[in-house]
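Student: Please take a close look at the ligand site in this model. I would like the contacts first, and then the salt bridges.

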Amino acid sequence: MAQHILAIDQGTTSSRAIIFDAQANPVAVSQAEFKQYFPQDGWVEHDGEEIWSSTLDVCRDVLHKAQLQASDISAIGITNQRETTLLWDAETGELLHHAIVWQDRRTADYCTELKEAGHEAMVTANTGLLIDPYFSGTKLRWLLDNVDSARERADQGKLRFGTVDTFLLWRLTGGKVHRTDASNASRTLMFNIHTQQWDEQMLELLGIPSSLLPEVMDCAAEFGTTEADVLGAAIPVAGIAGDQQAALIGQACFKAGMVKSTYGTGCFMVMNTGDKPIRSEHRLLTTVGYRLKGKTTYALEGSIFVAGAAIQWLRDGLKLIQHAGETEAMAEETGDQCGVYLVPAFTGLGAPYWDPKARGAIFGLTRDTGIAEIVTAGLQSVCFQTRDLLDAMIADGANSTAALRVDGGMVVNNWVVQALANILGVPVDRPQVTETTALGAAYLAGLQIGLFKDLDDIAQRWQCERAFSPAMPEAKREQLYSGWLDAIRRVRDVPV
Ligand code: G3P
(Lines give C-alpha, C1' and ligand atoms only; values in the text may rest on other atoms or scores of the structure.)
Protein backbone atom coordinates (compact mmCIF):
# COMPACT_ATOMS: atom_id res chain seq x y z
CA MET A 1 0.00 0.00 0.00
CA ALA A 2 1.31 3.43 -0.98
CA GLN A 3 2.07 5.82 1.86
CA HIS A 4 -0.40 8.47 2.96
CA ILE A 5 -0.24 11.36 5.39
CA LEU A 6 -3.14 12.73 7.39
CA ALA A 7 -2.98 16.48 7.92
CA ILE A 8 -5.19 17.95 10.64
CA ASP A 9 -5.88 21.67 10.16
CA GLN A 10 -7.72 22.92 13.23
CA GLY A 11 -8.73 26.50 12.33
CA THR A 12 -10.70 29.32 13.91
CA THR A 13 -14.05 28.51 12.37
CA SER A 14 -13.66 24.90 11.25
CA SER A 15 -11.71 21.71 11.76
CA ARG A 16 -10.38 20.09 8.61
CA ALA A 17 -8.63 16.86 7.77
CA ILE A 18 -6.90 16.22 4.47
CA ILE A 19 -5.18 13.06 3.29
CA PHE A 20 -2.18 13.52 1.01
CA ASP A 21 -0.54 10.79 -1.05
CA ALA A 22 3.20 10.18 -1.24
CA GLN A 23 3.52 12.78 -4.02
CA ALA A 24 1.86 15.38 -1.74
CA ASN A 25 -1.33 15.46 -3.79
CA PRO A 26 -4.56 15.92 -1.80
CA VAL A 27 -6.65 12.73 -1.96
CA ALA A 28 -9.65 13.59 0.22
CA VAL A 29 -10.85 16.49 2.40
CA SER A 30 -13.31 16.70 5.27
CA GLN A 31 -14.41 19.83 7.07
CA ALA A 32 -16.69 20.62 10.01
CA GLU A 33 -17.60 24.03 11.37
CA PHE A 34 -18.06 24.47 15.10
CA LYS A 35 -19.66 27.02 17.37
CA GLN A 36 -18.19 30.43 18.18
CA TYR A 37 -19.01 31.82 21.61
CA PHE A 38 -19.13 35.59 22.23
CA PRO A 39 -19.94 35.84 25.97
CA GLN A 40 -19.18 39.57 26.19
CA ASP A 41 -18.18 42.40 23.87
CA GLY A 42 -14.67 41.62 22.64
CA TRP A 43 -14.62 38.09 24.09
CA VAL A 44 -14.32 35.06 21.78
CA GLU A 45 -14.35 31.47 23.03
CA HIS A 46 -14.42 27.91 21.67
CA ASP A 47 -15.52 24.82 23.52
CA GLY A 48 -12.39 22.64 23.62
CA GLU A 49 -14.58 19.54 23.58
CA GLU A 50 -16.07 20.69 20.27
CA ILE A 51 -12.58 21.35 18.93
CA TRP A 52 -11.73 17.76 19.86
CA SER A 53 -14.95 16.09 18.66
CA SER A 54 -15.01 17.98 15.34
CA THR A 55 -11.37 17.05 14.78
CA LEU A 56 -12.09 13.38 15.42
CA ASP A 57 -15.15 13.51 13.16
CA VAL A 58 -13.25 14.95 10.20
CA CYS A 59 -10.37 12.50 10.67
CA ARG A 60 -12.77 9.55 10.57
CA ASP A 61 -14.73 11.03 7.69
CA VAL A 62 -11.69 11.75 5.56
CA LEU A 63 -10.46 8.16 5.98
CA HIS A 64 -13.88 6.98 4.85
CA LYS A 65 -13.86 9.32 1.84
CA ALA A 66 -10.36 8.20 0.82
CA GLN A 67 -11.39 4.56 1.38
CA LEU A 68 -8.45 4.04 3.66
CA GLN A 69 -8.02 2.44 7.09
CA ALA A 70 -6.23 4.26 9.90
CA SER A 71 -3.46 1.67 9.52
CA ASP A 72 -2.86 2.98 5.96
CA ILE A 73 -1.75 6.33 7.37
CA SER A 74 2.03 6.56 7.79
CA ALA A 75 2.07 9.75 9.85
CA ILE A 76 -0.01 12.68 11.06
CA GLY A 77 0.83 16.37 10.73
CA ILE A 78 -1.02 18.93 12.85
CA THR A 79 -1.49 22.59 12.05
CA ASN A 80 -3.72 24.92 14.02
CA GLN A 81 -5.16 28.33 14.83
CA ARG A 82 -2.39 29.84 16.92
CA GLU A 83 -2.38 31.59 20.32
CA THR A 84 -5.79 30.15 21.35
CA THR A 85 -5.36 29.06 24.95
CA LEU A 86 -6.54 25.92 26.76
CA LEU A 87 -6.05 24.70 30.32
CA TRP A 88 -6.85 21.20 31.57
CA ASP A 89 -6.41 18.78 34.45
CA ALA A 90 -3.28 16.64 34.05
CA GLU A 91 -4.94 13.63 35.64
CA THR A 92 -8.41 13.61 34.06
CA GLY A 93 -7.84 15.70 30.92
CA GLU A 94 -10.91 17.73 31.87
CA LEU A 95 -10.87 21.30 30.54
CA LEU A 96 -11.21 24.03 33.16
CA HIS A 97 -12.79 26.60 30.87
CA HIS A 98 -13.66 27.28 27.25
CA ALA A 99 -10.64 27.97 25.06
CA ILE A 100 -9.85 31.70 24.89
CA VAL A 101 -9.50 32.44 21.18
CA TRP A 102 -6.70 34.51 19.61
CA GLN A 103 -9.22 37.25 18.66
CA ASP A 104 -10.34 37.69 22.30
CA ARG A 105 -9.57 41.15 23.76
CA ARG A 106 -10.44 40.49 27.44
CA THR A 107 -6.91 41.16 28.63
CA ALA A 108 -6.65 44.59 26.96
CA ASP A 109 -6.57 46.49 30.28
CA TYR A 110 -3.91 44.20 31.73
CA CYS A 111 -1.86 44.68 28.54
CA THR A 112 -2.17 48.47 28.93
CA GLU A 113 -0.93 48.13 32.54
CA LEU A 114 2.08 46.10 31.38
CA LYS A 115 2.89 48.68 28.73
CA GLU A 116 2.52 51.59 31.12
CA ALA A 117 4.80 49.85 33.58
CA GLY A 118 7.45 49.91 30.83
CA HIS A 119 7.72 46.18 30.07
CA GLU A 120 7.30 46.27 26.29
CA ALA A 121 11.00 46.61 25.40
CA MET A 122 11.86 43.43 27.38
CA VAL A 123 8.86 41.55 25.97
CA THR A 124 9.82 42.39 22.40
CA ALA A 125 13.51 41.67 22.98
CA ASN A 126 12.83 38.22 24.44
CA THR A 127 9.74 37.02 22.55
CA GLY A 128 9.79 39.03 19.28
CA LEU A 129 6.15 39.99 19.97
CA LEU A 130 4.34 43.05 21.34
CA ILE A 131 2.21 43.39 24.42
CA ASP A 132 -1.24 42.66 23.01
CA PRO A 133 -4.19 40.48 24.09
CA TYR A 134 -3.68 38.52 20.81
CA PHE A 135 -1.02 36.24 22.35
CA SER A 136 -1.54 33.35 24.80
CA GLY A 137 0.39 34.57 27.85
CA THR A 138 -2.10 37.11 29.21
CA LYS A 139 -4.99 34.76 28.37
CA LEU A 140 -3.40 32.02 30.48
CA ARG A 141 -2.90 34.44 33.33
CA TRP A 142 -6.58 35.41 33.07
CA LEU A 143 -7.58 31.73 33.38
CA LEU A 144 -5.40 31.26 36.45
CA ASP A 145 -6.84 34.38 38.06
CA ASN A 146 -10.49 33.82 37.17
CA VAL A 147 -11.23 30.10 37.23
CA ASP A 148 -11.99 28.73 40.68
CA SER A 149 -8.97 27.02 42.31
CA ALA A 150 -7.02 27.15 39.04
CA ARG A 151 -4.01 28.96 40.48
CA GLU A 152 -3.84 26.66 43.48
CA ARG A 153 -4.00 23.54 41.30
CA ALA A 154 -1.46 25.05 38.88
CA ASP A 155 0.94 25.72 41.77
CA GLN A 156 0.56 22.07 42.79
CA GLY A 157 1.54 20.98 39.26
CA LYS A 158 -1.89 19.50 38.56
CA LEU A 159 -2.77 21.46 35.41
CA ARG A 160 -1.51 21.62 31.82
CA PHE A 161 -1.59 24.54 29.39
CA GLY A 162 -1.65 24.15 25.65
CA THR A 163 -2.29 25.89 22.38
CA VAL A 164 -4.59 23.86 20.12
CA ASP A 165 -1.79 21.64 18.72
CA THR A 166 -0.75 20.64 22.24
CA PHE A 167 -4.31 19.94 23.31
CA LEU A 168 -4.99 17.75 20.24
CA LEU A 169 -1.70 15.90 20.72
CA TRP A 170 -2.58 15.28 24.36
CA ARG A 171 -5.98 13.88 23.43
CA LEU A 172 -4.70 11.86 20.44
CA THR A 173 -2.06 10.20 22.60
CA GLY A 174 -4.55 9.39 25.36
CA GLY A 175 -3.11 12.02 27.72
CA LYS A 176 0.44 10.68 27.51
CA VAL A 177 2.22 13.46 25.66
CA HIS A 178 2.49 17.14 26.58
CA ARG A 179 4.48 18.76 23.77
CA THR A 180 4.34 21.59 21.26
CA ASP A 181 6.56 22.83 18.44
CA ALA A 182 8.73 25.95 18.32
CA SER A 183 6.44 27.83 15.89
CA ASN A 184 3.42 27.54 18.19
CA ALA A 185 5.54 28.25 21.28
CA SER A 186 6.77 31.46 19.64
CA ARG A 187 3.21 32.87 19.72
CA THR A 188 2.60 32.43 23.43
CA LEU A 189 4.48 35.49 24.77
CA MET A 190 6.30 33.07 27.08
CA PHE A 191 8.93 31.68 24.71
CA ASN A 192 12.36 33.17 24.16
CA ILE A 193 12.92 33.06 20.40
CA HIS A 194 16.71 33.46 20.81
CA THR A 195 17.40 30.72 23.38
CA GLN A 196 14.48 28.60 22.09
CA GLN A 197 13.37 28.00 25.67
CA TRP A 198 10.52 29.11 27.88
CA ASP A 199 11.52 32.54 29.13
CA GLU A 200 11.98 32.88 32.91
CA GLN A 201 11.50 36.65 32.88
CA MET A 202 8.20 36.39 31.02
CA LEU A 203 6.93 33.59 33.27
CA GLU A 204 7.72 35.69 36.30
CA LEU A 205 6.12 38.81 34.85
CA LEU A 206 2.92 36.96 33.97
CA GLY A 207 2.91 34.75 37.08
CA ILE A 208 2.88 31.46 35.17
CA PRO A 209 4.24 28.30 36.87
CA SER A 210 6.55 26.41 34.50
CA SER A 211 4.90 23.07 35.35
CA LEU A 212 2.01 24.13 33.11
CA LEU A 213 4.14 24.30 29.99
CA PRO A 214 4.67 21.68 27.28
CA GLU A 215 8.06 20.49 26.05
CA VAL A 216 9.06 22.40 22.90
CA MET A 217 10.17 20.27 19.95
CA ASP A 218 11.29 20.89 16.35
CA CYS A 219 8.44 21.13 13.82
CA ALA A 220 9.33 17.71 12.38
CA ALA A 221 9.85 15.34 15.31
CA GLU A 222 8.61 12.25 17.08
CA PHE A 223 5.85 14.00 18.97
CA GLY A 224 4.07 10.81 20.07
CA THR A 225 1.86 8.03 18.80
CA THR A 226 -1.92 8.05 18.73
CA GLU A 227 -3.66 5.77 21.19
CA ALA A 228 -4.84 2.85 19.03
CA ASP A 229 -8.52 3.18 19.95
CA VAL A 230 -8.73 6.90 19.11
CA LEU A 231 -8.49 6.62 15.32
CA GLY A 232 -8.23 2.85 14.95
CA ALA A 233 -4.45 2.46 14.79
CA ALA A 234 -1.29 3.69 16.48
CA ILE A 235 -0.06 6.44 14.12
CA PRO A 236 2.98 8.63 14.75
CA VAL A 237 2.37 12.36 15.01
CA ALA A 238 5.46 13.55 13.15
CA GLY A 239 4.87 17.21 12.26
CA ILE A 240 3.41 20.28 14.00
CA ALA A 241 3.34 23.96 13.07
CA GLY A 242 1.05 26.94 13.64
CA ASP A 243 -1.16 27.50 10.61
CA GLN A 244 0.62 30.56 9.21
CA GLN A 245 4.01 28.92 9.56
CA ALA A 246 2.63 25.75 7.98
CA ALA A 247 1.46 27.86 5.03
CA LEU A 248 5.00 29.29 4.75
CA ILE A 249 6.24 25.70 4.42
CA GLY A 250 3.38 24.66 2.09
CA GLN A 251 4.31 27.64 -0.10
CA ALA A 252 7.95 26.48 -0.02
CA CYS A 253 9.22 29.89 1.15
CA PHE A 254 12.53 28.44 2.34
CA LYS A 255 14.92 31.24 1.31
CA ALA A 256 15.35 34.53 3.14
CA GLY A 257 13.22 37.19 1.44
CA MET A 258 10.52 34.78 0.25
CA VAL A 259 7.09 35.86 1.42
CA LYS A 260 3.58 34.43 1.50
CA SER A 261 0.23 35.93 2.35
CA THR A 262 -2.80 33.85 3.38
CA TYR A 263 -6.30 35.28 2.95
CA GLY A 264 -8.79 33.64 5.27
CA THR A 265 -10.86 35.39 7.91
CA GLY A 266 -7.86 37.63 8.42
CA CYS A 267 -4.67 38.00 6.41
CA PHE A 268 -1.27 36.90 7.63
CA MET A 269 1.82 37.90 5.67
CA VAL A 270 4.94 35.99 6.67
CA MET A 271 8.44 36.59 5.30
CA ASN A 272 11.29 34.16 5.76
CA THR A 273 14.24 36.14 7.18
CA GLY A 274 16.71 33.25 7.41
CA ASP A 275 18.71 32.27 10.46
CA LYS A 276 18.64 35.74 12.05
CA PRO A 277 15.63 37.25 13.74
CA ILE A 278 14.96 40.75 12.35
CA ARG A 279 13.77 43.12 15.01
CA SER A 280 10.98 45.20 13.55
CA GLU A 281 10.99 48.98 13.89
CA HIS A 282 7.54 49.08 12.32
CA ARG A 283 5.50 46.96 14.71
CA LEU A 284 5.67 43.69 12.84
CA LEU A 285 6.23 40.49 14.79
CA THR A 286 9.45 38.54 14.87
CA THR A 287 8.57 34.90 15.06
CA VAL A 288 9.81 31.36 14.48
CA GLY A 289 9.15 30.41 10.85
CA TYR A 290 10.11 26.80 11.50
CA ARG A 291 12.69 24.82 13.45
CA LEU A 292 14.14 21.72 11.83
CA LYS A 293 16.97 19.53 13.19
CA GLY A 294 17.53 22.11 15.93
CA LYS A 295 18.06 24.95 13.44
CA THR A 296 15.67 27.89 13.68
CA THR A 297 14.53 29.84 10.64
CA TYR A 298 12.97 33.15 11.63
CA ALA A 299 10.21 35.15 10.02
CA LEU A 300 8.66 38.60 10.10
CA GLU A 301 4.89 38.56 10.32
CA GLY A 302 2.17 41.09 9.69
CA SER A 303 -1.24 40.11 11.00
CA ILE A 304 -4.47 41.73 9.77
CA PHE A 305 -7.61 40.70 11.61
CA VAL A 306 -10.19 41.32 8.87
CA ALA A 307 -9.73 40.27 5.22
CA GLY A 308 -12.24 37.62 4.05
CA ALA A 309 -14.37 38.63 7.04
CA ALA A 310 -15.01 41.98 5.29
CA ILE A 311 -16.62 40.12 2.38
CA GLN A 312 -18.60 38.00 4.85
CA TRP A 313 -19.85 41.24 6.38
CA LEU A 314 -20.91 42.59 2.98
CA ARG A 315 -22.79 39.33 2.45
CA ASP A 316 -24.27 38.56 5.88
CA GLY A 317 -24.27 41.96 7.59
CA LEU A 318 -25.21 44.37 4.80
CA LYS A 319 -26.70 41.67 2.53
CA LEU A 320 -25.26 43.46 -0.52
CA ILE A 321 -24.32 40.16 -2.15
CA GLN A 322 -25.50 36.57 -1.85
CA HIS A 323 -22.23 34.79 -2.58
CA ALA A 324 -18.60 35.88 -2.36
CA GLY A 325 -18.28 34.57 -5.94
CA GLU A 326 -20.36 37.52 -7.22
CA THR A 327 -17.78 40.07 -6.19
CA GLU A 328 -15.33 39.38 -9.02
CA ALA A 329 -17.73 40.43 -11.79
CA MET A 330 -18.91 43.45 -9.77
CA ALA A 331 -15.39 44.72 -9.27
CA GLU A 332 -14.52 44.16 -12.94
CA GLU A 333 -17.48 46.31 -13.88
CA THR A 334 -16.67 49.04 -11.34
CA GLY A 335 -12.93 49.25 -11.94
CA ASP A 336 -10.32 50.25 -9.43
CA GLN A 337 -10.92 53.98 -9.23
CA CYS A 338 -14.38 54.41 -7.79
CA GLY A 339 -13.10 56.73 -5.05
CA VAL A 340 -14.75 54.76 -2.24
CA TYR A 341 -12.62 53.47 0.65
CA LEU A 342 -13.85 50.87 3.13
CA VAL A 343 -11.73 50.46 6.26
CA PRO A 344 -12.79 47.17 7.91
CA ALA A 345 -11.43 48.01 11.37
CA PHE A 346 -14.30 46.13 13.02
CA THR A 347 -12.16 44.99 15.95
CA GLY A 348 -9.54 47.69 15.73
CA LEU A 349 -6.49 47.55 13.50
CA GLY A 350 -3.74 44.93 13.59
CA ALA A 351 -0.28 45.36 12.09
CA PRO A 352 1.35 47.74 11.62
CA TYR A 353 -1.02 50.05 13.58
CA TRP A 354 -2.07 47.83 16.54
CA ASP A 355 -4.87 50.17 17.40
CA PRO A 356 -7.64 48.35 19.28
CA LYS A 357 -9.78 51.50 19.45
CA ALA A 358 -10.00 52.22 15.72
CA ARG A 359 -13.36 51.35 14.16
CA GLY A 360 -14.54 50.70 10.60
CA ALA A 361 -15.77 53.36 8.18
CA ILE A 362 -16.65 53.98 4.54
CA PHE A 363 -15.40 57.18 2.91
CA GLY A 364 -15.95 58.88 -0.46
CA LEU A 365 -19.66 58.17 -0.93
CA THR A 366 -21.40 60.17 -3.67
CA ARG A 367 -24.90 60.13 -5.14
CA ASP A 368 -23.58 57.62 -7.73
CA THR A 369 -22.23 55.16 -5.17
CA GLY A 370 -24.02 51.83 -5.33
CA ILE A 371 -23.59 48.28 -4.13
CA ALA A 372 -20.88 47.48 -6.65
CA GLU A 373 -18.70 50.38 -5.52
CA ILE A 374 -18.95 49.41 -1.85
CA VAL A 375 -18.20 45.77 -2.65
CA THR A 376 -15.20 46.81 -4.77
CA ALA A 377 -13.95 48.99 -1.92
CA GLY A 378 -14.23 45.94 0.37
CA LEU A 379 -12.04 43.90 -1.97
CA GLN A 380 -9.57 46.75 -2.34
CA SER A 381 -9.28 47.09 1.44
CA VAL A 382 -7.63 43.67 1.51
CA CYS A 383 -5.06 44.83 -1.06
CA PHE A 384 -4.36 48.12 0.73
CA GLN A 385 -3.89 46.34 4.06
CA THR A 386 -1.43 43.96 2.40
CA ARG A 387 0.45 46.98 1.05
CA ASP A 388 0.65 48.37 4.61
CA LEU A 389 2.35 45.14 5.67
CA LEU A 390 4.71 44.91 2.73
CA ASP A 391 5.79 48.53 3.16
CA ALA A 392 6.46 47.86 6.87
CA MET A 393 8.57 44.83 5.96
CA ILE A 394 10.56 46.77 3.39
CA ALA A 395 11.04 49.64 5.88
CA ASP A 396 12.40 47.02 8.31
CA GLY A 397 15.08 46.24 5.74
CA ALA A 398 13.52 43.08 4.32
CA ASN A 399 15.06 42.62 0.95
CA SER A 400 12.63 40.75 -1.22
CA THR A 401 12.99 40.27 -4.92
CA ALA A 402 10.72 37.24 -4.96
CA ALA A 403 7.06 37.31 -5.99
CA LEU A 404 4.50 37.27 -3.21
CA ARG A 405 2.93 33.79 -2.96
CA VAL A 406 -0.75 33.91 -2.04
CA ASP A 407 -3.24 31.35 -0.79
CA GLY A 408 -6.50 31.07 1.15
CA GLY A 409 -10.16 31.28 0.15
CA MET A 410 -10.07 34.81 -1.32
CA VAL A 411 -7.39 34.16 -3.91
CA VAL A 412 -9.78 32.30 -6.21
CA ASN A 413 -10.93 35.84 -7.07
CA ASN A 414 -8.76 36.86 -10.05
CA TRP A 415 -9.71 40.52 -9.73
CA VAL A 416 -8.44 40.61 -6.14
CA VAL A 417 -5.12 38.99 -6.98
CA GLN A 418 -4.57 41.34 -9.96
CA ALA A 419 -5.51 44.34 -7.80
CA LEU A 420 -3.05 43.08 -5.21
CA ALA A 421 -0.22 42.99 -7.77
CA ASN A 422 -1.22 46.49 -8.91
CA ILE A 423 -1.35 48.04 -5.44
CA LEU A 424 1.83 46.34 -4.24
CA GLY A 425 3.72 46.94 -7.45
CA VAL A 426 5.21 43.45 -7.18
CA PRO A 427 4.39 40.18 -8.95
CA VAL A 428 1.99 37.84 -7.18
CA ASP A 429 2.00 34.06 -7.72
CA ARG A 430 -0.92 31.74 -7.05
CA PRO A 431 0.11 28.10 -6.55
CA GLN A 432 -1.52 25.02 -8.00
CA VAL A 433 -2.30 23.56 -4.56
CA THR A 434 -4.02 26.27 -2.51
CA GLU A 435 -4.46 23.96 0.52
CA THR A 436 -1.05 25.21 1.58
CA THR A 437 -1.64 25.16 5.35
CA ALA A 438 -2.52 21.47 5.49
CA LEU A 439 0.14 20.75 2.87
CA GLY A 440 2.77 22.35 5.12
CA ALA A 441 1.76 20.08 8.01
CA ALA A 442 1.89 17.06 5.68
CA TYR A 443 5.36 18.09 4.45
CA LEU A 444 6.64 18.30 8.04
CA ALA A 445 5.30 14.84 8.92
CA GLY A 446 6.62 13.49 5.60
CA LEU A 447 10.08 14.97 6.25
CA GLN A 448 10.21 13.25 9.62
CA ILE A 449 9.33 9.80 8.25
CA GLY A 450 11.60 10.19 5.21
CA LEU A 451 8.84 10.49 2.61
CA PHE A 452 10.34 13.79 1.51
CA LYS A 453 14.11 14.10 1.44
CA ASP A 454 14.68 17.70 2.44
CA LEU A 455 13.43 21.23 1.88
CA ASP A 456 14.84 21.28 -1.68
CA ASP A 457 12.80 18.21 -2.45
CA ILE A 458 9.70 20.05 -1.18
CA ALA A 459 10.58 23.31 -2.98
CA GLN A 460 10.70 21.45 -6.30
CA ARG A 461 7.11 20.35 -5.87
CA TRP A 462 5.77 23.92 -5.66
CA GLN A 463 4.03 24.88 -8.88
CA CYS A 464 2.62 28.21 -9.97
CA GLU A 465 -0.92 28.03 -11.30
CA ARG A 466 -1.03 31.67 -12.41
CA ALA A 467 1.38 34.60 -12.16
CA PHE A 468 -0.07 38.11 -11.87
CA SER A 469 2.16 41.04 -12.88
CA PRO A 470 1.57 44.62 -11.77
CA ALA A 471 -0.26 46.48 -14.53
CA MET A 472 -0.87 49.95 -13.11
CA PRO A 473 1.16 53.12 -13.64
CA GLU A 474 3.07 54.07 -10.52
CA ALA A 475 1.44 57.49 -10.21
CA LYS A 476 -2.02 55.92 -10.12
CA ARG A 477 -0.89 53.25 -7.63
CA GLU A 478 0.46 55.88 -5.25
CA GLN A 479 -2.57 58.10 -5.65
CA LEU A 480 -4.91 55.20 -4.77
CA TYR A 481 -2.77 54.16 -1.82
CA SER A 482 -2.52 57.70 -0.44
CA GLY A 483 -6.34 57.76 -0.35
CA TRP A 484 -6.20 54.61 1.80
CA LEU A 485 -3.65 56.11 4.19
CA ASP A 486 -5.90 59.14 4.53
CA ALA A 487 -8.86 56.86 5.37
CA ILE A 488 -6.74 55.04 7.97
CA ARG A 489 -5.77 58.35 9.54
CA ARG A 490 -9.45 59.22 9.92
CA VAL A 491 -10.47 55.98 11.68
CA ARG A 492 -7.71 56.12 14.24
CA ASP A 493 -8.10 57.60 17.65
CA VAL A 494 -4.55 58.93 17.56
CA PRO A 495 -2.89 60.70 14.63
CA VAL A 496 -0.68 58.37 12.55
O1 G3P B 1 -2.92 33.86 14.61
C2 G3P B 1 -4.19 33.40 14.33
C3 G3P B 1 -4.19 32.47 13.15
O4 G3P B 1 -3.34 31.39 13.39
C5 G3P B 1 -5.61 32.05 12.84
O6 G3P B 1 -5.69 31.49 11.61
O7 G3P B 1 -6.78 30.58 9.63
O8 G3P B 1 -7.57 29.85 11.87
O9 G3P B 1 -8.07 32.15 11.08
P10 G3P B 1 -7.12 30.99 11.02
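Tutor: What follows goes from the ligand shell to the salt bridges. The model is predicted. The residues around the ligand are G11, T12, Q81, R82, E83, W102, Y134, D243, Q244 and F268. By class, this shell holds three nonpolar, four polar and three charged residues.

For T12, the distance from a polar side-chain atom to an oxygen atom of the ligand is 2.6 Å. For D243, a polar side-chain atom also lies 2.6 Å from a ligand oxygen. In E83, a side-chain N or O atom is 2.7 Å from an oxygen atom of the ligand. On its own the ligand has 310 Å² of accessible area, of which the protein covers 88%.

E83 also forms a salt bridge with R187, and their closest N and O atoms are 2.8 Å apart. This pair links distant parts of the chain, 104 residues apart: E83 sits in the loop between β5 (73-80) and β6 (86-89), and R187 in the loop between α7 (182-185) and β10 (191-192). Both E83 and R187 are buried.

The structure holds 29 salt bridges. Another case is in helix α17 (residues 474-491), where D486 and R489 lie three residues apart. Their closest N and O atoms are 3.7 Å apart. D486 also pairs with R490, with 3.0 Å between the closest N and O atoms. R490 counts as exposed because its relative accessibility is 52%.

Technical notes:
Residues are numbered from 1 along each chain as its sequence is written. This is a predicted model: local features need pLDDT of at least 70, side-chain atom pairs count only at pLDDT 80 or more; totals for chains, interfaces and linings use all residues. Side-chain values use heavy atoms; hydrogens and water are left out. A residue is near a molecule or strand if one of its heavy atoms lies within 4 Å of it. A polar contact is a pair of N or O atoms within 3.5 Å; within protein, one must be able to donate a hydrogen and the other to accept it, and residues adjacent in sequence count only if both atoms are side-chain atoms. Accessible areas come from the Shrake-Rupley method with a 1.4 Å probe; for residues, only the protein chains shown count as cover. Ala, Val, Leu, Ile, Met, Phe, Trp, Tyr, Cys and Pro count as nonpolar, Asp, Glu, Lys and Arg as charged, and the others, Gly among them, as polar. A salt bridge is a side-chain nitrogen of Lys or Arg within 4 Å of a carboxyl oxygen of Asp or Glu. Helices (H or I, at least four residues) and strands (E, at least two) are DSSP runs, numbered from the N terminus. Buried means under 20% relative accessible area, exposed over 50%, partly exposed in between (1.4 Å probe, protein chains only).
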